[in-house]
Amino acid sequence: MIAYDRRIRIFSGEYGLFDDESKDLFGTAAPVFNENYYQLVVGQLDSLLPGKGTVADRFQALANHFIIPKDKLDTVFRAAIAECRKRTLQHYTLPPNEDFKLEFVTDKSWSGYNWYKGNYQSVIQINTDLNIFIDRAIDVGSHESYPGHHVYNMLLEKNLYRDNGLVELSVYPLFSPQSLIAEGTANYGIEVVFPGTDKITFAREVLLPLAGLDTTGITLYFNALAIKGKLNYVRNDVGRRLLSGSMTEEEALRWLQDYGMNNKETAMKSISFIRNYRSYVINYNHCMDVMKSYIERNGGTNPETRWKVFEVLLSGQVRIQDILEPSK
Ligand SMILES: [Zn+2]
């Protein structure tokens, strides 16, 4: 109810502070990081990445080796999603008629979207406005499908709506604490489905050859990505400052480029996403860390146990409070 109330106010143009909005909508606020934190992490990337130029340029130069050619996108995404599905099925029983459609679209502010249609069917759309790098095939593929949104929505439909008759669960309010769980699990699910260095191995052995790309530098690229992951909070910090007016759009672009390692077009895309979805941006990184800490608190450091704790989270029967507060 708190979330609905806040959402209606935002929808009518009555904005609040970033953290107040996110607490009401999703039950939590992302931690605040200052410029020093980002400079420190960028320093780590600086020592890792070879070549000349700014850290962002060197990261971009490395990443550019791994752009999936447009005519290979369908093949690569299908292979990535098929692997995620295969691995998920080794742990979970899914409805036998479950399926998805994969579509490539343009002119969107998101990189991927799952339109869950009910009856265990999803339409997964991938935005091809920007270049898509090899790791995104795994991340976006898994996030939108297995064990991400497609599986989460199916389990909700099966366990809560069909088996328990909870009709209210047939509607999923995007701006609600349910998104904390949906986005948090979809992002942490990538770690669950590809633990440790599995992602690198899979990219090297399967996806890069399918994309017709050279595998040289792929380990370095994934190591750089792991450090870069710590910079993901920049979008929250930019959002918080930009929306409150304490940061100009120019500064926001600089932060997103210098500390987010985005190129200019991605940074601009990011700003348009922030303006559209406001504090929703905390769902991708902060909420993933919330899920990670919940799963680890509940004994999920071992890859096998992690699937089990993760399934309980996906089943929709965990209270938000229990996820947010360490168990006593
Ligand atoms: Zn998502």
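The legends below describe an overview and several close-up views of one predicted model.

Residues are numbered from 1 along each chain as its sequence is written. Because the model is predicted, local features need pLDDT of at least 70 and side-chain atom pairs count only at pLDDT 80 or more, whereas totals for chains, interfaces and linings use all residues.

**View 1. Overview of the chain.** The chain has 16 helices and three strands; helices (H or I, at least four residues) and strands (E, at least two) are DSSP runs numbered from the N terminus. Along the principal axes, the C-alpha atoms fill a box of roughly 60 × 45 × 40 Å. Of the 328 residues, 41% count as buried. A residue is buried if 20 or more other C-beta atoms lie within 10 Å of its own, exposed if 12 or fewer, and partly exposed in between, with C-beta atoms placed from the backbone. Of the contacts between residues at least 6 apart in sequence, 70% join residues at least 24 apart; two residues are in contact if their C-beta atoms, placed from the backbone, lie within 7 Å.

**View 2. The three-stranded sheet.** Three strands form an open sheet with mixed pairing, in the order E1-E3-E2. Strands E1 (99–105) and E2 (112–118) stand at the edges with a single partner strand each, so one side of each is left without a neighbour in the sheet. Neighbouring strands are turned by 20° against each other on average, direction ignored. Strands count as paired if DSSP finds at least two bridges between them. E1 and E3 (residues 121–127) pair in the parallel sense over seven bridges; Lys-101 has Val-123 as its bridge partner in E3, and Val-105 has Asn-127. E2 and E3 pair in the antiparallel sense over six bridges, with Tyr-113 opposite Gln-125 in E3.

**View 3. Strand E3 and the hairpin turn.** In a regular strand the side chains alternate between the two faces of the sheet. E2 and E3 form a hairpin with two residues between them. Asn-119, in the loop between these strands, has a positive phi of about 55° although it is not a glycine. Asn-119 is exposed, with 12 other C-beta atoms within 10 Å.

**View 4. Helices H6 and H7 on the sheet.** Helix H6 (residues 134–144) lies across E2 and E3, running at about 25° to E2. H7 packs on the sheet, touching E1, E2 and E3, and its direction makes about 25° with that of E2. Axes are lines fitted to C-alpha atoms, for helices over the stretch in contact, and angles run from 0 to 180 degrees between N-to-C directions. Pro-147 lies in the loop between H6 and H7; the peptide bond from Tyr-146 to Pro-147 is cis, with omega near 0°.

**View 5. Ser-109 and its surroundings.** Ser-109 lies in the loop between E1 and E2. With 15 C-beta neighbours inside 10 Å, Ser-109 counts as partly exposed. Not counting residues up to four places away in sequence, Ser-109 touches Lys-269, Ser-272, Phe-273 and Asn-276. Thr-266 is 157 residues from Ser-109 in sequence, with a C-alpha to C-alpha distance of 9.9 Å.

**View 6. The loop between H12 and H13.** Met-261 lies between helix H12 (249–258) and helix H13 (264–277). Phi of Met-261 is near 55°, a positive value in a residue other than glycine. Met-261 counts as buried, with 26 C-beta neighbours inside 10 Å.

**View 7. Helix H15 and its packing.** The buried residues of H15 are Arg-306, Trp-307, Val-309, Phe-310, Leu-313 and Leu-314. These residues pack against helix H7 (149–162), helix H8 (177–193) and helix H14 (282–297). H15 is followed by Gly-316, with a positive phi near 80°.
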